[in-house]
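Open your viewer and keep the selection tool at hand. We will go stop by stop.

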Amino acid sequence: MQAAALPLRLRAAAAEHRARDKAEEAANRRHQGAARDAEAEERDDAEAEGAAREALGLVHLGRNLGVRAAHGLLDGLRER
């Protein structure tokens, strides 16, 4: 009787082991997915910061050029 029960026990233990492996693999995939999401978000943040920095630089450049142009215009009017 015990000899007949051994294959059943082994089959149940193997099924339990496979279930634990699948659960661990699923947890690893979730962890890897979360890590990829975090990396993508960091890249997006860096790209957005770079774009904002560039836009702000252009605003400052435009302001400086505008001030110089206005001064040049005033100098031209004074010469008349």
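Predicted model: local features only at pLDDT ≥ 70, side-chain atom pairs only at ≥ 80, totals over all residues.

**Stop one: the whole chain.** Show the cartoon. You will find one helix and zero strands. The helix is H1, covering residues 2-79. Now colour by accessibility. Of the 80 residues in the chain, 1% are buried.

**Stop two: a charged pair.** Select arginine 20 and glutamate 16. Show their side chains. They meet in a salt bridge, at 3.1 Å from N to O. A search of the whole structure finds one salt bridge, and this pair forms it. Both residues lie in helix H1. They sit four residues apart, which is about one turn of the helix.

The cut-off for exposed is over 50%.

**Stop three: a negative patch.** Select Asp37, Glu39, Glu41, Glu42, Asp44, Asp45, Glu47 and Glu49. Together they form a negative surface patch. Show the surface and colour it by charge to find the patch.

**Stop four: one member of the patch.** Zoom in on glutamate 47, one of the patch residues. Where is it? Glutamate 47 is in helix H1. Its relative accessibility is 55%, so glutamate 47 counts as exposed.

Definitions and conventions: Residues numbered from 1 in each chain as written. Heavy atoms only, no water. Salt bridge = Lys/Arg side-chain N within 4 Å of Asp/Glu carboxyl O. Helix = DSSP H or I, 4+ residues; strand = E, 2+ residues; numbered from the N terminus. Buried < 20%, exposed > 50% of the residue type's maximum accessible area, 1.4 Å probe, protein only. Patch = residues over 30% accessible without salt bridge, like charges linked within 9 Å, V, L, I, M, F, W, Y side chains within 5 Å. Areas by Shrake-Rupley, 256 points an atom, 1.4 Å probe, with all protein chains shown as cover. Lys, Arg positive; Asp, Glu negative; His and termini not counted. Charge placed at Lys NZ, Arg CZ, Asp CG, Glu CD.
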